[in-house]
Amino acid sequence: MTGASRRRAFLKTGLGVLAGLAGGAACSTPDLTSRPPEREPHIAENYIVHTNLGYAAPAQRSHLLDLYLPLAADGPVPVVIFQMGSAFRGDDTKGKALADQDGAHGDVLPAPGSMLTAPQLAKLWVPRGYAVVGLNVRSSSQAKFPAQVHDVKAAIRFLRACATTYGLDPDRFATMGNSSGGWIATMAALTSGITDLEGDLGNPDRSSSVRAAIDLFGPTDFLAMDAHRLADGQVHDAPDSPESELMGFPIRTDPSAVEKANPAMYVTADSPPVFIAHGTADPLVPANQSEILFDAYVRAGATATLALLPDVGHTDAYLYASNYSPGRVVRHTQSGATVTGSDPAPTFEALLAFLDAHMCAGGSGR
């Protein structure tokens, strides 16, 4: 049965049709006996939501994801795996699933200055034919780097192993996140196949590769953050900074270990295309962090877009309006050639066009 057929069956027979599809040899879920009980698929507006799917053991909420699927699709759908930032301190970043919210048809758009969540992204992109995943990974208090990279890789491999079950296209996966979630997105996209960063959390026969990444004001080089921080910005070299907590030691005490957490170190000519956006008034993650990543793409001859937004802080509210930051500077690089302009504005439509362009290119992610 195709993914589209499963979705049609769901509509005809109601809840429960898909409830048992996650079992079986090709798509098994870990025995997470302590996970929240809500796992039955259910309808929210015009899509299906699977909540609290366990993608790895041990049993803890940091190894859960929510999966939002279109109700109607002609075939397997592309997938965007999204994580909201938490300064590496949260193990429950996937957001409250739309079907569990009071009034699933209500407004879930962000307040000014806030950050995008997976349910908000699903509300916008699932009706456009994309599956959206809200991802949890372990917090820095639960496990140190590279555990968080192991987690996102395990989620990618789990979803790929379960692609037939859920009607996903295993060749069209992308990662996306904001703040520390942007770091997760780029680390996952740039380090597929690197043994030390794969982990052993399940489905080792599947690839952790993705076709594209979207990085919204994520950190890159932890050791360069304080050199570019704003006057009132967060101090990152401190022993209790988010980055030091992630690494498990003050970052200045072991620079070589910290370099392994720098996604820019892994960029090659074959790296997946990335769309980066960052406000230059960000007090928590200096905009230079995104420039470091973009410059690595330039040197490698890979494909990237960087939008720098004047007077914008630690937020992605600009995604909702093309005129949010009219003084933006947009740089694009491909095959070693770089151009600078003001378009495209980093809106949801522009990001979707970016994914459409690069997720349909040749190659396999199996």
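This is a predicted model: local features need pLDDT of at least 70, side-chain atom pairs count only at pLDDT 80 or more; totals for chains, interfaces and linings use all residues.
Residues are numbered from 1 along each chain as its sequence is written, and side-chain values use heavy atoms, with hydrogens and water left out. Helices (H or I, at least four residues) and strands (E, at least two) are DSSP runs, numbered from the N terminus.

**Helix α3 with helix α5**
- Helix α3 (residues 147-161) packs on helix α5 (residues 180-190) at an angle of about 70 degrees, and their axes are 10 Å apart; axes are lines fitted to C-alpha atoms over the stretch in contact, and angles run from 0 to 180 degrees between N-to-C directions.
- That angle makes α3 roughly perpendicular to α5, a label that covers 65 to 115 degrees.
- On the α3 side, Gln 148, Val 149, Val 152, Lys 153 and Ile 156 meet Trp 183, Ile 184, Met 187 and Ala 188 of α5, with contact meaning heavy atoms within 4.5 Å.
- By class, this contact has seven nonpolar residues, one polar and one charged (Ala, Val, Leu, Ile, Met, Phe, Trp, Tyr, Cys and Pro count as nonpolar, Asp, Glu, Lys and Arg as charged, and the others, Gly among them, as polar).

**Helix α2 with helix α9**
- Helix α2 (residues 118-125) and helix α9 (residues 348-359) pack at about 75 degrees, with axes 12 Å apart.
- This makes α2 roughly perpendicular to α9.
- Leu 121, Leu 124 and Trp 125 of α2 make the contact with Phe 348, Leu 351, Leu 352 and Leu 355 of α9.
- Seven nonpolar residues take part here, with no polar and no charged ones.

**Cavities**
- There are three cavities of 30 Å³ or more; a cavity is a set of points on a 1 Å grid over the protein atoms alone where a 1.4 Å probe fits but cannot get out.
- The largest cavity has a volume of about 70 Å³, volume being the space filled by probe spheres set on the points.
- Among the residues lining the largest cavity are Gln 148, Ser 180, Gly 181 and Ile 184, where lining means an atom within 4 Å of a point.
- Helix α5 gives the largest share of that lining, three residues.
- The lining divides into four nonpolar, six polar and one charged.

**Backbone details**
- The Phe 145 to Pro 146 peptide bond is cis, with omega near 10 degrees, and Pro 146 sits in the loop between β5 (131-135) and α3.
- Asp 343 to Pro 344 is also a cis peptide bond, with omega near 0 degrees; Pro 344 is in the loop between β11 (337-341) and α9.

Terms used: Angles under 35 degrees count as roughly parallel, over 145 as roughly antiparallel, 65 to 115 as roughly perpendicular and the rest as oblique. On a 1 Å grid over the protein atoms alone, a cavity is a set of points where a 1.4 Å probe fits but cannot get out, and a pocket is an open set with protein on both sides within 12 Å along at least five of seven lines; lining residues have an atom within 4 Å of a point.
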